[in-house]
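Take a moment to look over the chain before reading on. The paragraphs below go from the whole chain to its strands and then to single side chains.

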Amino acid sequence: MTYQTKKLILYVLAIGVGTAFVVALFEFPEYSSQFGTLVLALTLGVLMWYAHDTNRIANETVSQTELQTMPIMALYIRNIDDGTRDEKTVHRLKQYAITQQVNQSISPSPFFIALRNMGNGPAFNTVIENENFLAEKYQTRFFAPLKDEHAVKVIKKPADKIRNLADLNAEVFSIKCQSFLGKHYEYKYRIVDVEEKIVEFLK
């Protein structure tokens with residue numbers, strides 16, 4: 001039932017009760033005091049219902065606004081050099097590369113973890129959390145709406161470099177952020193396979 005329909009019903013009820021009160025007053029004047037009390041009680045009840053319904057509609061409007069402007073964070077495994085990036089961008093992204101052990105040395109792998117905001121609203125104070133890994137460095141913790149994407153550097157807890165890409169497989173990462181209204185959001189992803197760049201959304 002729409003708000004306008006409810007408003008119309010309220011007006012019809014008010015007119016009906018008012019008319020019944022006037023007719024009853026003329027027909028049974030000796031009960032005027034009781035009729036007055038009854039009408040007052042009915043009026044109070046209608047006003048309380050109207051106030052409650054108005055408050056509910058206002059809350060629904062706020063919820064709809066939040067749904068339309070909420071950030072939606074996604075996690076990706078990306079190639080540092082995917083053939084489309086210039087040399088400067090590739091060099092910058094190497095700072096965020098997932099490390100791996102090659103022979104006796106720890107080197108940057110061709111992959112990095114990227115966070116992207118797929119929602120219509122900006123994401124503030126974004127963090128990524130995991131039981132076994134730590135976000136050492138963020139390219140930024142603010143994500144503009146509609147596909148703004150940035151890199152994040154992940155290391156092993158407490159402060160160790162990743163030696164095997166497979167160590168990240170099956171790990172669940174939680175992305176937490178806030179909307180511009182201050183509401184908190186959390187999204188969870190499981191990295192299925194780093195080298196295949198397969199990530200599964202959980203919730």
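Two strands count as paired if DSSP finds at least two bridges between them. The strands of a sheet pair through backbone hydrogen bonds, either parallel or antiparallel. The model shown is a predicted one.

Now consider the whole chain. The protein chain holds 3 helices and 9 strands. Along the sequence they follow the pattern α-α-β-α-β-β-β-β-β-β-β-β. The chain has 203 residues, of which 30% count as buried. Among contacts between residues at least 6 apart, 60% join residues at least 24 apart.

Where do strands E7 and E8 belong in a sheet order? They are part of an open sheet of 4 strands, ordered E4-E7-E8-E9, with antiparallel pairing. The edges of this sheet are strand E4 (124-129) and strand E9 (198-201); each has a single partner strand, so one side of each has no neighbour in the sheet. From one strand to the next, the twist averages 25 degrees.

Strand E8 also contains Asp193. Is Asp193 buried, partly exposed or exposed? Its relative accessible area is 24%, and the cut-off for buried is under 20%, so Asp193 counts as partly exposed. Leaving aside residues up to four places away in sequence, Asp193 touches Asn169 and Ile198. Asp193 and Glu171 are 22 residues apart in sequence, and their C-alpha atoms are 9.7 Å apart in space.

Another strand to follow is E6 (residues 148-156). Strand E6 is mostly covered, with 7 of its 9 residues buried. Strand E3 (residues 105-117) runs antiparallel to E6 and is joined to it by 5 bridges. Here Ile113 stands opposite Val152 in E6. Strand E5 (residues 133-138) is likewise antiparallel to E6, with 5 bridges between them. In this case Ala135 stands opposite Val154 in E6.

The last topic is the aromatic rings. A pair of aromatic rings is described by the distance of the centres and the angle of the planes. Rings of Phe, Tyr and Trp count as a pair if their centres lie within 6.5 Å, and planes under 30 degrees apart count as stacked. By this rule there are 4 aromatic pairs. One of them is formed by Tyr185 and Tyr187: the ring centres are 6.5 Å apart and the planes stand at 10 degrees, so the pair is stacked. How accessible are these two residues? Tyr185 has 11% relative accessibility and therefore counts as buried. Tyr187, at 9% relative accessibility, also counts as buried.

The charged end of Lys137 sits over the ring of Tyr96, 5.1 Å from the ring centre. In another case, the charged end of Arg141 sits over the ring of Tyr138, 6.0 Å from the ring centre.

Key:
Residues are numbered from 1 along each chain as its sequence is written. This is a predicted model: local features need pLDDT of at least 70, side-chain atom pairs count only at pLDDT 80 or more; totals for chains, interfaces and linings use all residues. Side-chain values use heavy atoms; hydrogens and water are left out. Rings of Phe, Tyr and Trp (its six-membered ring) pair if their centres lie within 6.5 Å; planes under 30 degrees apart count as stacked, over 60 as edge-to-face and the rest as tilted. Buried means under 20% relative accessible area, exposed over 50%, partly exposed in between (1.4 Å probe, protein chains only). A charge sits over a ring if NZ of Lys or CZ of Arg is within 6 Å of the ring centre and within 35 degrees of the ring normal. Helices (H or I, at least four residues) and strands (E, at least two) are DSSP runs, numbered from the N terminus. Axes are lines fitted to C-alpha atoms, for helices over the stretch in contact, and angles run from 0 to 180 degrees between N-to-C directions. Contact means heavy atoms within 4.5 Å.
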